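Subject: Structure for you to look at

Hello,

Here is the structure I promised to pass on. Please open it beside this email and follow along.

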Amino acid sequence: MSGKLNVLDIATNLIQKKSITPNDDGCQEYIKDELKDFNFDCVNLNLENVSNIWLRRGTKKPLVVFAGHTDVVPPGNLNEWKTDPFEAEVIDKTLFGRGASDMKSSLAAMLSATQKFITENPNHNGSIGFLLTSDEEGPARYGTKKVIEKFKKENMSIEFCIVGEPTSSKVFGDTIKNGRRGSLSGKLKIFGIQGHIAYPELAKNPIHIAGNFIEIINNYKWDEGNEYFPPTSFQISSIYSDKVASNMIPSWVKIEFNLRFSNELTQKNIEKKFEELLTNNEIQYEIDWNCSAEPFVTEQGKLTGVFQKVIKNNLNIETNLSTSGGTSDARFISKHADETIEFGPLNATAHKVNENIKVEELEKLESIYYGILRELLL
Ligand SMILES: [Zn+2]
């Protein structure tokens with residue numbers, strides 16, 4: 001490792017690049033450069049304004065892929081930051097900066113662990129890949145999704161994928177994500193008959209109809225969840241109508257809602273049941289659906305076992321499997337890879353002002369990724 005940068009230097013260099021989504025600002029070139037003495041083949045896949053890079057060392061199986069994003073969310077209110085968000089200052093053994101949690105520290109740890117592993121084991125088994133995008137925090141249309149489509153076309157299999165999202169919840173290492181819930185949004189428009197509020201018998205109030213329907217749908221039990229998933233949840237985010245005057249019954253009401261669903265259900269069967277409930281209640285409606293993620297899960301197996309073991313060895317804690325939280329690029333990868341696990345730093349400051357990581361945590365993260373490579377490739 002002599003002459004090589006340490007993990008803190010690498011994280012610092014990455015944070016200092018202002019890669020606000022979908023801008024990569026040279027992060028991927030930097031990582032490629034850091035790997036140039038390690039025999040990685042490189043493919044750039046830039047689409048629209050998105051930078052994607054695929055780096056691979058070796059051709060044998062199993063292929064272990066480190067996946068992540070180089071883009072970050074904007075810094076927010078600069079006055080609330082105690083440091084410049086792109087300065088990467090260390091105060092009190094803690095590294096501050098945008099991306100310190102989500103997810104430049106993980107990228108630095110993956111890179112540094114890989115350099116160390118290859119230096120020590122140049123003839124390791126299998127192959128190592130890096131799949132990096134600058135379109136995770138934005139619409140995620142031209143990033144990982146497109147790269148995975150290319151892999152599918154080329155019949156390139158991925159045995160193990162590690163995504164560096166910040167998954168730790170209360171203490172570092174307490175949680176790995178072995179799946180995520182699906183997310184299905186809907187915009188429901190319920191029609192009534194417009195009229196004078198003083199003559200309700202001549203009108204039909206869509207808000208009252210909606211009230212009854214909300215009661216029904218809110219009490220409907222979609223599933224019980226399972227070993228890996230909590231029960232499916234339904235939440236309304238907004239209700240509004242075409243109110244024009246206070247003495248009018250409106251002609252329609254719109255309800256916007258979202259379901260976070262388990263793998264006991266699919267987008268199709270939720271939509272079918274939902275519309276069946278509307279029809280059974282003789283409601284006149286229009287509905288637009290948008291499914292941003294289908295649920296996925298990596299069942300307890302080789303990769304979960306390796307993570308549990310390596311985390312125990314490094315941190316002396318039992319890590320939990322979880323499918324909670326929002327969506328991530330793992331949703332695209334897991335459809336293609338045999339096993340996908342997300343693991344990274346504490347998520348407490350992700351996307352917030354004064355985002356940070358303890359230097360010790362960053363170093364431990366490197367040790368864990370290094371341990372994973374040893375377990376999978378020696
Ligand atoms: Zn992230």
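Start with helix H3, residues 104-120. Is H3 largely enclosed by the rest of the structure, or open? Count its buried residues: 14 of the 17 are buried, so H3 is largely enclosed. A residue counts as buried if 20 or more other C-beta atoms lie within 10 Å of its own. From its first C-alpha to its last, H3 reaches 24 Å. That is close to the 24 Å expected at 1.5 Å a residue. Please keep in mind that this is a predicted model.

**Helix pairs**

Two packed helices are described by the angle between their axes and the distance between the axes. Begin with H1 and H3. Their axes come within 8 Å and cross at roughly 135 degrees. That angle makes H1 oblique to H3. The crossing is right-handed. Which residues meet there? H1 brings Val7, Ile10, Ala11, Leu14 and Ile15. H3 brings Lys104, Ser105, Leu107, Ala108, Ala109, Leu111 and Ser112. By type, this contact has 9 nonpolar residues, 2 polar and 1 charged.

An α-helix has 3.6 residues a turn, so residues three or four places apart point the same way.

Now go to H7 (residues 302-315) and H9 (residues 359-377). The axes of H7 and H9 come within 9 Å, and they cross at roughly 135 degrees. H7 and H9 are therefore oblique to each other. Their crossing is right-handed. On the H7 side, the contact is made by Val306, Phe307, Val310, Ile311, Asn313, Asn314 and Leu315. On the H9 side, look for Lys364, Ser367, Ile368, Gly371, Ile372, Glu375 and Leu376. The contact of H7 with H9 divides into 8 nonpolar, 4 polar and 2 charged residues.

**Backbone points to check**

Where are the cis peptide bonds that I noted? One runs from Lys61 to Pro62, with omega near -5 degrees. Pro62 sits in the loop between strand E2 (52-57) and strand E3 (63-69). Another joins Asp102 and Met103, and its omega is about -10 degrees. Met103 lies in the loop between strand E5 (94-96) and H3.

Next come two positive phi values. Asp25 has phi near 50 degrees, and Asp25 is not a glycine. Find Asp25 in the loop between helix H1 (7-15) and helix H2 (27-34). Asp25 is partly exposed, with 19 other C-beta atoms within 10 Å. His351 has phi near 65 degrees, again in a residue other than glycine. His351 is in the loop between strand E18 (339-342) and strand E19 (356-358). His351 has 15 C-beta neighbours inside 10 Å, so it counts as partly exposed.

**A loop residue**

Last, find Tyr142. It is in the loop between strand E6 (127-133) and helix H4 (144-153). Is Tyr142 buried or exposed? Tyr142 has 21 other C-beta atoms within 10 Å, so it is buried. Which residues does Tyr142 touch, leaving out those up to four places away in sequence? They are Leu47, Glu48, Val50 and Asp135. Compare Lys36, which is 106 residues from Tyr142 along the chain. The C-alpha atoms of Tyr142 and Lys36 are separated by 26 Å.

Over to you.

Best wishes

Note on methods
Residues numbered from 1 in each chain as written. Predicted model: local features only at pLDDT ≥ 70, side-chain atom pairs only at ≥ 80, totals over all residues. Axes fitted to C-alpha atoms, helices over the stretch in contact; angles between N-to-C directions. Helix = DSSP H or I, 4+ residues; strand = E, 2+ residues; numbered from the N terminus. Parallel < 35°, antiparallel > 145°, perpendicular 65-115°, else oblique. Left-handed = near helix turned anticlockwise from the far one by under 90°. Contact = placed C-beta atoms within 7 Å. Nonpolar A, V, L, I, M, F, W, Y, C, P; charged D, E, K, R; others polar. Expected span 1.5 Å × (residues − 1). Buried ≥ 20, exposed ≤ 12 C-beta atoms within 10 Å, placed from the backbone.
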